[in-house]
Amino acid sequence: MVCLGNICRSPLAEGILASKLPKNKFTVASAGTGSWHIGHAPDARSIAAAKNHNLDISNQRGRQFKTTDFDTYDYIYVMDNSNYTDVINLTENTAHKDKVQIILNELYPNENVDVPDPYFGMTNGFEIVYGMLDEVCDIIADKLIAKHA
Ligand code: 4NP
């Protein structure tokens, strides 16, 4: 799960998807394309939105996306079109490129809809983002379980 800062959207996406998958079969992680928040806990507003849904993401720590992630992970979901461009620019081959998807394309195929960045927005932006990610992660989890579990 990849966003810009790895403190708002992708930590929620990591926590939500991990909660829907059997822990012994899947590894879910998140990262930011930027380096500002390496080692930081998720934004307090993301932690609070997760807590509203009985999900604890407070132990996550920010990390920056790195090219070895293309080999470590089988699926790379980016939150928006800007993240997509940044991650695609780091790919070295078509196998890497094929792993990268705009996450909401799993819900709205080929529409390239962004998960909006709530960082500078309204407080309820985090709840809206939570709802979008919860909906799409249901689809992703069903797909991954059918294919791999
Ligand atoms: P995120 O939101 O990409 O959803 O984690 C952001 C968090 C921090 C910054 C940008 C986006 N920032 O510029 O520090």
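Student: Which residues of H1 are buried?

Tutor: This is a predicted model, in which local features need pLDDT of at least 70 and side-chain atom pairs count only at pLDDT 80 or more, whereas totals for chains, interfaces and linings use all residues. Residues are numbered from 1 along each chain as its sequence is written, and side-chain values use heavy atoms, with hydrogens and water left out. Buried means under 20% relative accessible area, exposed over 50% and partly exposed in between, with a 1.4 Å probe and protein chains only. By that cut-off, the buried residues of H1 are Arg9, Ser10, Pro11, Leu12, Ala13, Glu14, Gly15, Ile16 and Leu17.

Student: What covers the buried residues of H1?

Tutor: Nine of the 12 residues of H1 are buried, so this helix is largely enclosed by the rest of the structure. Helices (H or I, at least four residues) and strands (E, at least two) are DSSP runs, numbered from the N terminus, and contact means heavy atoms within 4.5 Å. On those terms, the cover includes strand S1 (2-3), strand S2 (31-32), helix H2 (44-52), helix H4 (81-88) and H6.

Student: At which residues does UniProt place the feature "active site", and what is the largest C-alpha distance?

Tutor: The unreviewed UniProt entry places this feature at Cys3, Arg9 and Asp117; such annotations may be inferred rather than shown by experiment, feature names are shortened, and positions follow the numbering used here. Although these residues are spread over 115 residues of sequence, they cluster in space, with a largest C-alpha distance of 8.7 Å.

Student: Is Asp117 buried or partly exposed?

Tutor: Arg9, in helix H1, is buried, with a relative accessible area of 2%, and the residues that Arg9 touches include Cys3 and Asp117. Asp117, by contrast, is found in the loop between strand S4 (100-102) and H6. With a relative accessible area of 38%, Asp117 is partly exposed.

How values were computed: Lists of a residue's contacts leave out its neighbours within four places in sequence.
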